[in-house]
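User: I would like to go through this structure and ask what lies behind the terms used for it. Please set each value against its cut-off.

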Amino acid sequence: MARDAGDSGVTLAEVLAAYSLATDLGLGQPMEHLLRSWRIASRLGAHVGLPEEEQASLFYVAMLSWVGCVADTPEVASFFGDDIAFRADSYDADLGGLSGFRFFLSHAGAGGAASRLKVGSTILSTGGRRVIQGIQSHCLITSTLADRLGLDAAVSSAVRQFFARWDGRGVPDGVGGTDLSLWIRLFHLGDVVEVHDRHGGVGAAVRVARDRRGRQFDPALADAFCDVAGEALASLEGEYDVTALLADAPGLRRSLSDTALDDALGALADFTDLRSPNRAGHSSGVAELAGAAALKLGLPAEDAAATRRAGLVHDIGLHGVPATILDKPGSLSATEWERVRLSSYYTERVLARPAALARIGAIASYANERMDGSGYHRGTGGASIPMAGRVLAAACAFRSLVEPRAAQEPRSPKQAAVTLREEARAGRLDADAVDSVLAAAGAGGRRRVAGPAGLTAREVEVLVHIARGSTTHEVAARLGVSRKTAATHVERIYMKTGASSRSAATLFALRNGLLDPLET
């Protein structure tokens, strides 16, 4: 079905469903945990009379409640080491009161006995104040994201209560009972019982609901869940088809405009960068640089837009990498390096559906590939890397050099430009992509950036069209120029590329990454 101009073809629900897969990684859970948790909460909500028009709000609460975990990642890592393992273990513990303190103390310290003693003493002497402050930061920043996404104030208010408890022993202290949003009470239950069902079956899910009844969980909801546990937990495996999952919630079907999609991806990019104090603004910086460079290189406007959006999400897979690895000042072990390499695979996997996001995610997954095959996660190179991916890789490399890192002082743009040119001469980065990135960054790129073989931006656009089967007449119509002008462009393309036929020109386009194999 054709969509209106300016319609991205993607809904906010689909964007958040995709992002929830990255959040799952940060929780130490398999992908689709949060989607399954929402399904449980939604079914239970229907059972207890949640109005149909509130199901959309429940979905947004479920997708967003854990997103803020990135805000307290540095603090969690400093106290407990591997932040992902810590969150995974927390599902087995009731964190209220003394049991919560026991859990925190048992996980304190990441550097041996002395470290555990120091962190444990700090937790005891301060009453866990810094841990609580981190939790409060989590809730506030999640609320900020809800506001940035234009969600209802009630959703924003609900996610601020995520670490509150029915018994009032959560954060904020004393907030509990029916003062908690019903959406949060439903999701509290769905989030925990999904893990226990996956590990131990329906019986384990029922046991944890009963054990935490009246403490973490609303007792009436816990009782209702136990009554319908088999139904609420039925058919949760293999359900991840966003269109099918959201089909029963009319409030989740509205497509985002192109501008709204950019805003949503930008907001999620900022949150992704919070996993490391040194990465603030990295994703948005890469996105703007890559998008501008793609235009300078002559890529069609829609390809440049996809490249910019890919820049916003290229690091989304880092949710699966512990902060202790991301911010490690020394060299990484082989095991640690493998987790970093997997992050690009996770980026592609997270954004695999729907199709409109899949192309963005596929481009994003090339951010760490290199022309000589030395990159990751595929280890591909040369013509296998689309030009959009080559530009993104160069933009990411430039921004990484001029930003501070755990073991690296930021370089000046001039120094970064020297390094990128060295990488191009060594065959690791595409020379044309490097020139376009440096020109876009104002770091000494060519005064007039050209495409491969000196093709102008218009000639690149014409080459893409003819390589995809358009006739000269069709090219003229698409570009709004005369047939004679289009024919002149084709003639110059053949002359510059040494091609004597459409097939030869097509091979040139493929060899130089101009025909994006990822395009749907």
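User: In which helix does L35 lie?

Analyst: This is a predicted model. L35 lies in helix α2.

User: Why is L35 called buried?

Analyst: A residue counts as buried when its relative accessible area is under 20%. L35 has a relative accessible area of 4%, so L35 is buried. In space, the C-alpha of L35 is 9.6 Å from the C-alpha of A18, and in sequence the two residues are 17 apart.

User: What is said of the protein chain as a whole?

Analyst: The protein chain has 25 helices and two strands. It has 520 residues, of which 56% count as buried. Among contacts between residues at least 6 apart in sequence, 68% join residues at least 24 apart.

User: What makes α22 largely enclosed by the rest of the structure?

Analyst: Eight of the eleven residues of α22 are buried, and α22 is therefore largely enclosed by the rest of the structure. The buried ones are E459, V460, V462, L463, V464, H465, I466 and A467.

User: Which helices do the buried residues of α22 pack against?

Analyst: They pack against α14 (282–297), α23 (472–479), α24 and α25 (502–511). Just after α22 comes G469, with a positive phi of about 105°.

User: Why are α22 and α24 called roughly perpendicular?

Analyst: Angles of 65 to 115 degrees count as roughly perpendicular. The axes of α22 (residues 457–467) and α24 (residues 483–497) cross at roughly 95° and come within 10 Å. The two helices are therefore roughly perpendicular to each other.

User: Which residues make that contact?

Analyst: From α22 they are R458, E459, V462, L463 and I466, and from α24 they are H489, V490, R492, I493, Y494 and K496. Six residues of this contact are nonpolar, one is polar and four are charged.

User: How do you know that α4 and α5 are roughly perpendicular?

Analyst: The same test applies, with 65 to 115 degrees as the range. Helix α4 (residues 73–80) packs on helix α5 (residues 83–90) at an angle of about 85°, and the axes are 9 Å apart. α4 and α5 are therefore roughly perpendicular to each other. T73, V76 and F80 in α4 meet D83, F86 and R87 in α5. By class, this contact has three nonpolar, one polar and two charged residues.

User: What makes the phi of E32 worth a remark?

Analyst: Most residues other than glycine have a negative phi. E32 is not a glycine, yet its phi is positive, about 85°. E32 is placed in the loop between α1 (12–26) and α2 (33–48).

User: Is E32 buried or exposed, and why?

Analyst: The cut-off for buried is under 20% relative accessible area. E32 has 13% relative accessibility, so E32 counts as buried.

User: Why does A453 count as partly exposed?

Analyst: Partly exposed falls between buried, under 20%, and exposed, over 50%. The relative accessibility of A453 is 42%, so A453 counts as partly exposed. A453 is in the loop between α21 (431–441) and α22. Its phi is also positive, near 60°, and A453 is a residue other than glycine.

User: Which peptide bonds are called cis?

Analyst: Most peptide bonds are trans. The bond from R353 to P354 is cis, with omega near -5°. P354 is in the loop between α17 and α18 (355–364). Another cis bond joins Y376 and H377, with omega about 15°. H377 is in the loop between α18 and α19.

User: What is the volume of the largest pocket, and which residues lie nearest its centre?

Analyst: The volume of the largest pocket is about 1,000 Å³. Its lining has 38 residues, and R279, W337, Y376, S400 and R405 lie nearest the centre.

User: Which elements give two or more residues to that lining?

Analyst: They are α16 (323–326), α17 (334–350), α19 (387–402) and α20 (413–425).

User: How do the lining residues divide by class?

Analyst: The lining of the largest pocket has 17 nonpolar, 14 polar and seven charged residues.

Terms used
Residues are numbered from 1 along each chain as its sequence is written. This is a predicted model: local features need pLDDT of at least 70, side-chain atom pairs count only at pLDDT 80 or more; totals for chains, interfaces and linings use all residues. Side-chain values use heavy atoms; hydrogens and water are left out. On a 1 Å grid over the protein atoms alone, a cavity is a set of points where a 1.4 Å probe fits but cannot get out, and a pocket is an open set with protein on both sides within 12 Å along at least five of seven lines; lining residues have an atom within 4 Å of a point. Grid points are joined across faces, edges and corners, and a volume is the space filled by probe spheres set on the points. Helices (H or I, at least four residues) and strands (E, at least two) are DSSP runs, numbered from the N terminus. Ala, Val, Leu, Ile, Met, Phe, Trp, Tyr, Cys and Pro count as nonpolar, Asp, Glu, Lys and Arg as charged, and the others, Gly among them, as polar. Axes are lines fitted to C-alpha atoms, for helices over the stretch in contact, and angles run from 0 to 180 degrees between N-to-C directions. Angles under 35 degrees count as roughly parallel, over 145 as roughly antiparallel, 65 to 115 as roughly perpendicular and the rest as oblique. Contact means heavy atoms within 4.5 Å. Buried means under 20% relative accessible area, exposed over 50%, partly exposed in between (1.4 Å probe, protein chains only).
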